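Morning, everyone. Sequence and structure go up now, and then I'll walk through them.

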Amino acid sequence: MATVAVTAERENYLNQEYGIRSWLLTTDHKRIALLYLASITFFFFVGGFFALLIRLELLTPAGDLVQADTYNKLFSMHGQVMIFFFLIPSIPAVLGNFLVPLMIGAKDLAFPRINLLSWYLYIIAGTIYVHCIVTGGVDTGWTFYTPFSTAFSNTRVIEAGIAIFIAGFSSILTGLNFVVTIHRMRAPGMTWSRLPLFIWAMYATSIIQLLGTPVLAITLLLVVFERAFNLGIFDPTRGGDPLLFQHLFWFYSHPAVYIMILPAMAVESEVVACFTRKRIFGYNFVAMSSIAIAVFGFLVWAHHMFTAGISLYSALIFSILSYLVAVPSAIKVFNWTATMYKGSISFTTPMLYAFGFIGLFTMGGLTGLFLAALGIDVHVHDTYFVIAHFHYIMVGGAVMGYLGGLHFWWPKISGRMYPEGWGRLAALLVFAGFNLTFFPQFILGYMGMPRRYWQYPPEFQVLNVLSTAGSTILAVGYVLPMIYFLWSMRYGKIANDNPWDAAGLEWKTSSPPPTFNFEEAPEVTWEAYNYDEIPAPAEVPVER
Amino acid sequence: MSDSPIAVEQHGPELRHHFVDAEQQRDAASLGMWLFLATEIMFFGGMFLAYLIYRYAYYNEFAAGSRSIDIWLGTINTAVLICSSLTVALGVRAAQMGKRRLLVTLLLITIVLGLVFLGIKGVEWYQKFEEHHVPGTSFNASDLEKPPYSHGEIDQRHEQIYFSLYFAMTGLHALHMIIGVGIFIFLTYYAWKGRYSPKYYTPVEIGGLYWHFVDIVWIYLFPLLYLIDRKPLR
Amino acid sequence: MFDNFPLWPIRASTGAGNVDALFIFLLALSGLMCAAIFVMILVFATKYRRRRGVEAEQIEGSSALEITWSVIPLGIFMVIFAWGAVIYFHERTPPRAASEVYVVAKQWMWKLQHQEGAREINELHVPVGRDVKLIMTSQDVIHSFYVPAFRIKQDVLPGRYTTAWFRATRPGVYHLFCSQYCGTMHSGMIGQVTVMEPAQYEAWLSGGGTAGSLAASGDSLFQQLGCSTCHRSDAQGRGPNLVGLFGHPVHLEDGRTVTADENYIRQCILSPHTNIPSGFKPIMPIFQGLVSEEQLTALVAYIKSLSPPPAGGQGGVSLAPKPQYPKE
């Protein structure tokens, strides 16, 4: 066995207490992060399973694998599970929960019990949703458009709506915890301008979670009431307005995409800084761009509605605002690239994910420019072009950010190193599989293949087959880390406090950290990313 | 964190140990509650938006519906809530001054006022139920008075939207009141047990903030729902 | 270019070229941006890979660079916005003399009706070179009328009319898709648009034994339902005179002034009490639930026919004689 410790194992948050009660009743932010890790991984594979079935059905033009109604449920639940039960919590609830107190030098989040409540709300929501899946599912699309969802669908809309409503409160409480923690619990000397960019981005994310999610909550509640009590708020045959639903829904759901991408940008800054051994170029601009994205993100929702019947003038306003929100994201990409100039770059697994992130996020972001152009959007709205666009950002961007972050902080979280060779292989498989899956979909979309189509005209088949082939490679790339992370918890090389020689308070404590994070309360007298003061590692930081 | 005898200052059992000191804990709690109230504003905001849009579109029906709900009960309820906010504010002050019995009394009065509000709300809802103004299959608002100066008939479908929003908004508000009453029951119990003192009364303060917020939501709901068009009918 | 390229949709309308032009511009721009970034990263990754003894150079940043790479992209974005906006404006402004086709969508089929009376299901025949305006509504949930070859798409909503327009430029058969998820057979709610030479189109039109033009069937409904009792063309009627009404402003009792368009007419029929013209009493019966969508479109077409056609046309070669408007 390769895991004999050199010295007696120090007390840390993992071994301080054993037993299921110590986990299920914990208020330690680090343990809660792991509780979330397990739960969201479960939902990732549920959503991924639905995706595989979708891609299998789309191998042939005819609807021959599942029935039409089943297919409609598959894409609806794929979307809802991936967005509400995987992506929205992922980085904030796992990496954010674990790292925010550590990075600012605090002993825990401001409200540890609310943190645990947040996880329980997520679990309750998840259980209700799983029940919804196994008792028939929901087929409204992840967007619940009325009047289909309120008056025509025969599936378990109310149950799905309630589950997501509850999950929303989990998200709100996490955001609330982070904002208060970052404001009130920074260690002495940790001024706002010394904060890691990860914290800036998590802060911006939390603001969006706080202010946006309640609107989704009330919207879903109104849909549930309408369906349950036969109201007519969104039903035109009863004097209601279906567009009102769309405005309310997208008012949250657009900022929601920034909840999903900002944390990945948070990770990106930390990883790029460490593996170029440099302070991020343009720290102030990168920090402010996170805030700008959060603010502007609230002003563009109706760009999802250009063909919905809104007025010409509304459309003009939302189009121009959508171009404004693109600028801060572009700034980040330029700054990360500039950071590499005259850096000292190593190609560890997290850094491979970081390279992939820049490439794929750039492509996804550029296609956003296409969609914001009114004349183009009319043609590509509700086609595979949109699907490709958002998957480039949410999978090529957010999920790669999440995986890169998991790998980067794995030694801190578990005290072990993952196997680097396998890590790099998985990163490459994910990158290759992802592009093969989703690039053909841009072409499909422009050619005119609408989304949410169970069957399609034969001329679209070749591209669909390519896409499905890619998805199998992508699946392998996702399964590998699951296996080797678990393996590493028992057999991985033991990590020291700072295996990457990275800057940041979290690396100044042991791997894994003690329950109260620091042996002694830190006092910060240095700037963020002080890589000029940290000696470069004597050799390549990881052994093969 | 190991116990460092030098750093431990005098603090009560209420200091949670992830905080550096009581002041940090108090600041955190306060900021937390304000942020939570901001989320509540967004939550109610969605419904207020729906209300605004439909009121503009279906003014007649909204006016007729507004006339049909009991303005006296609504006014009494408004007075009840305002008084309860007074008792809450006085209660916070009592806690600040360490007056335990006064605090407990004021908290109890607040609870009673809250229950009075809920009771009156229940009566109002029951009235609507009897008049068949509850949205759903048995909805029938043909008994609504149409003032002579208005234009056109009352459209039942539009009227139903008024009442849908009426029940959704007052219902959500009432739910928040119930939660508020629950919180205050806990506060009263702990106050009676002597947990609060001039050095530590944060729960009373932030509980009070929540109560004030629920009160303010009602201050907006009342004119919007009850006072749309109360010109005397000729 | 790209006409027979298998990965590019056919261009079959006057608008398609404009959309494709902007798209190609954006492709080129994106390609350039991606190439620039990828090449830079590749160069940096190679040139600045970690080597023993070589340390990273700490560079704080550069305000000049930040401003440059904020302002220049913003400028480019504004150009793209303006270009896209111009195309969109054109897409959403049907020419005034366009011939009209009424569309009723329902789960899961398209019902179309030409002014001349021809009815189609899941098919639309149009002549080359004529402006065609679609006036659409749904009987149930939200659908969306999408013809990739024309680069047009418009959601079709229950409870109101939405419009789209195109001018086909080449004969052929093109896909029609529903592109707003609408339930079980959303992916089966497809059809085809057949663009024909004008002579062939006239032949096709007269081929079907139709029940007369849309406006004519609206006329007979108008009599049948008793509308003509109150809506007379002299000043004696209890209801407003509808001749010359369509397209003109109407002053309402409550002080508003609205334009009498398709949605206005439809609302007046379904909920007359919401739009009482000034000087009239609110006595018109409510027809909600008493007329079907198809009957509504016929009535709307009839009332439109009572107004003179819009003066002149906007470009658009119209090879068929203009539709005749029945005399009152």
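Domain bounds here come from an automatic or database domain assignment. Keep that in mind, and keep in mind that this is a predicted model.

Start with chain C. The assignment gives domain 1 as 1–44 + 62–91, domain 2 as 99–207 and domain 3 as 214–305. Take domains 2 and 3 of chain C. Their centres, over C-alpha atoms, are separated by 26 Å. How many residues does the contact take from each? Domain 2 of chain C puts in 10 residues, and domain 3 of chain C puts in 9 residues. On the domain 2 side, β1 and β5 of chain C each supply at least two residues. That side of domain 2 divides into 4 nonpolar, 5 polar and 1 charged.

Now the sheet. Chain C has an open sheet of 5 strands, in the order β3-β2-β1-β5-β8, with mixed pairing. Which strands stand at the edges? They are β3 (119–121) and β8 (162–167) of chain C. Each has a single partner strand, so one side of each is left without a neighbour in the sheet. Neighbouring strands are turned by 25° against each other on average, ignoring direction.

A closer look at one pair. Strand β2 (109–114) of chain C runs antiparallel to β3(C), and 3 bridges join them. Gln113(C) stands opposite Arg119(C), a residue of β3(C). A helix packs on this sheet as well: α7 (293–305) of chain C. Helix α7(C) touches β1 (99–106), β2 and β5 (131–138) of chain C. The direction of α7(C) makes about 160° with that of β1(C).

Next, the interface between chains A and C. Here 73 residues of chain A are in contact with 70 residues of chain C. Several helices give two or more residues to the chain A side, among them α3 (68–104), α8 (242–276), α11 (349–372) and α14 (420–447) of chain A. Which element gives the largest share? That is α10(A), with 14 residues. By residue class, the chain A side divides into 45 nonpolar, 20 polar and 8 charged.

Last stop, one residue of chain A. Arg490(A) lies in helix α15 (461–491) of chain A. Buried or exposed? Arg490(A) has 10 C-beta neighbours inside 10 Å, so Arg490(A) counts as exposed. And for scale, take Leu243(A). Arg490(A) and Leu243(A) are 247 residues apart in sequence, and 54 Å apart in space, C-alpha to C-alpha.

That's my tour. Over to you.

Terms used
Residues are numbered from 1 along each chain as its sequence is written. Chains are lettered from A and ligands numbered from 1 in the order in which they are written. This is a predicted model: local features need pLDDT of at least 70, side-chain atom pairs count only at pLDDT 80 or more; totals for chains, interfaces and linings use all residues. Two residues are in contact if their C-beta atoms, placed from the backbone, lie within 7 Å. Helices (H or I, at least four residues) and strands (E, at least two) are DSSP runs, numbered from the N terminus. Ala, Val, Leu, Ile, Met, Phe, Trp, Tyr, Cys and Pro count as nonpolar, Asp, Glu, Lys and Arg as charged, and the others, Gly among them, as polar. A residue is buried if 20 or more other C-beta atoms lie within 10 Å of its own, exposed if 12 or fewer, and partly exposed in between; C-beta atoms are placed from the backbone. Two strands pair if DSSP finds at least two bridges between them. Axes are lines fitted to C-alpha atoms, for helices over the stretch in contact, and angles run from 0 to 180 degrees between N-to-C directions.
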